[in-house]
Amino acid sequence: MYLQDLELKNNTVLLRVDFNVPLNDKYEITDDTRMQRAIPTLKFLIEKGCKLIIMSHLGRPQKMLKDDGTVNVEKFTLKHLVSHLSDLTGINTAFCPSHDINEMSAATKDLGFGEILLLENTRFHKGETKGDEHFAKDLASLADVFVNDAFGTAHRAHSSTTIVARYFDNMHKSFGLLMEAEIKNANRVLNGAESPVTAIIGGAKVSDKIKLIEKLLDISDNIIIGGGMAYTFKKALGGEVGNSLCEDDYLDLAKTLIEKAAIANTKICLPEDSVSADAFSNDANIKVCNSDAIEDGWMGLDIGPKAIEFYSKVISDSKTILWNGPMGVFEMSNFSKGTFTVAQEVANATQKGAFSLIGGGDSVAAINKAKLSDKVSHVSTGGGAMLEFLEGKPLPGIRAITS
Ligand code: AMP
């Protein structure tokens with residue numbers, strides 16, 4: 001199940017990674033974090049003398065077809081990644097532009113041990129996202145061993161992430177090192193984490209995070225709420241939230257979560273004050289007010305100074321911290337203080353010995369922007385996948401390896 005347990009010497013390995021990196025108009029990689037995070041697995045396999053066949057998706061080519069209905073190959077081809085992959089590994093990387101089985105087999109045959117072949121974007125194949133068995137079987141036929149290191153797509157039952165694993169027995173498939181770390185770190189928060197456990201949940205909508213919050217009630221001592229979702233809670237408790245983001249359909253549910261928290265002995269922390277603005281703009285007029293007394297025409301776009309002070313203390317006293325979602329509209333400088341202070345406090349608590357998991361999405365963007373990603377315990381590469389894992393949903397890409 002783990003890479004270290006496999007007999008790998010001189011094997012051909014089919015490795016699924018998440019190289020879904022952003023490219024600019026010139027097709028240059030603007031952030032190679034996802035490639036960097038897979039490199040330890042690549043190096044491990046190369047050092048074992050394996051032939052390495054790497055597959056990944058890039059973007060959503062099937063959803064962004066050209067006007068004539070065909071795939072925009074130039075925009076989504078993995079060819080753009082080949083030279084950077086060679087630089088990162090120090091090994092000249094070959095590229096197979098086709099998913100035709102004869103071409104993929106020929107390219108594999110040409111590969112020497114300790115060498116790398118990158119296959120074209122798996123989503124160029126029409127069957128990939130449908131979990132097509134023929135495509136999965138063709139891919140599986142290329143190799144002796146399957147390794148999945150693509151945590152970011154573990155919640156998808158695609159041919160190259162999940163279905164392909166059916167063609168390998170338990171002695172011939174495993175997680176890669178990144179995927180192993182993602183699973184172990186998430187489990188460290190979910191199962192028997194050291195107290196006090198604090199979950200910091202932010203972002204736009206409460207509706208996206210209900211299942212997560214319900215799950216966290218069982219394991220957390222504190223749940224810190226920030227971002228737009230805080231105002232649904234404030235209104236549910238009778239507050240005036242003006243024009244703040246608020247999901248009126250979820251007021252009852254927010255109330256129920258607060259009641260469940262009291263029963264579970266979990267403290268729900270809501271922002272006492274907010275930085276409010278008279279428009280959704282960095283140039284808007286701003287003022288600090290109580291989060292339950294926001295005037296009409298004004299909206300809460302960040303947590304206020306009292307909330308920052310209180311949240312900082314809770315985070316500082318924690319031994320286990322999970323963070324998912326920003327405290328405000330951190331993309332605009334006037335509403336970023338809450339999020340960046342939380343980032344700093346999580347880093348400080350980690351330096352004092354706490355375990356911290358940055359659980360995907362915009363909190364990852366925030367911790368990176370604050371240049372603190374190496375000061376926390378683990379920054380997840382999986383947005384949706386990490387959210388589903390933490391909610392307790394079985395992920396098909398994980399089950400395919402363990403079952
Ligand atoms: P999510 O994807 O649900 O984690 O939400 C992230 C987004 O929520 C970011 O783009 C933030 O700008 C936005 N956001 C955070 N706080 C607020 C707020 N108070 N009002 C409106 N949007 C917010």
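Visitor: So, Phe 310: buried, exposed or partly exposed?
Guide: Phe 310 is partly exposed, because its relative accessible area is 36%, which falls between the 20% and 50% cut-offs. Keep in mind that this is a predicted model.

Visitor: And Tyr 311, buried or exposed?
Guide: Tyr 311 is buried, with a relative accessible area of 1%.

Visitor: How many aromatic pairs does the structure hold?
Guide: There are five aromatic pairs in the structure. One of them joins Phe 310 and Tyr 311: the ring centres are 6.3 Å apart and the planes meet at 50 degrees, so the pair counts as tilted.

Visitor: What about Phe 330 and Phe 340, what kind of pair are they?
Guide: Phe 330 and Phe 340 are edge-to-face, with 80 degrees between the planes and 6.3 Å centre to centre.

Visitor: Okay, zooming out. How is the chain divided?
Guide: Into domain 1, covering 3-177, and domain 2, covering 185-391. Their C-alpha centres lie 35 Å apart.

Visitor: How many residues from each domain take part in the contact?
Guide: Domain 1 puts in six residues and domain 2 puts in 10 residues.

Visitor: What area is buried between domain 1 and domain 2?
Guide: About 660 Å², with carbon and sulfur atoms giving 60% of that.

Visitor: Which residues in domain 1 lose the most area to domain 2?
Guide: Arg 37, Phe 151 and His 155, which together make up 78% of what the domain 1 side buries. The residues of domain 1 that touch domain 2 split into two nonpolar, two polar and two charged.

Visitor: How many salt bridges across that interface?
Guide: Zero salt bridges between domain 1 and domain 2, though one residue pair is in polar contact across the interface.

Notes:
Residues are numbered from 1 along each chain as its sequence is written. This is a predicted model: local features need pLDDT of at least 70, side-chain atom pairs count only at pLDDT 80 or more; totals for chains, interfaces and linings use all residues. Side-chain values use heavy atoms; hydrogens and water are left out. Domain bounds come from an automatic or database domain assignment. Contact means heavy atoms within 4.5 Å. Buried area is the accessible area (1.4 Å probe) that two parts lose on being put together, summed over both. A salt bridge is a side-chain nitrogen of Lys or Arg within 4 Å of a carboxyl oxygen of Asp or Glu. A polar contact is a pair of N or O atoms within 3.5 Å; within protein, one must be able to donate a hydrogen and the other to accept it, and residues adjacent in sequence count only if both atoms are side-chain atoms. Ala, Val, Leu, Ile, Met, Phe, Trp, Tyr, Cys and Pro count as nonpolar, Asp, Glu, Lys and Arg as charged, and the others, Gly among them, as polar. Rings of Phe, Tyr and Trp (its six-membered ring) pair if their centres lie within 6.5 Å; planes under 30 degrees apart count as stacked, over 60 as edge-to-face and the rest as tilted. Buried means under 20% relative accessible area, exposed over 50%, partly exposed in between (1.4 Å probe, protein chains only).
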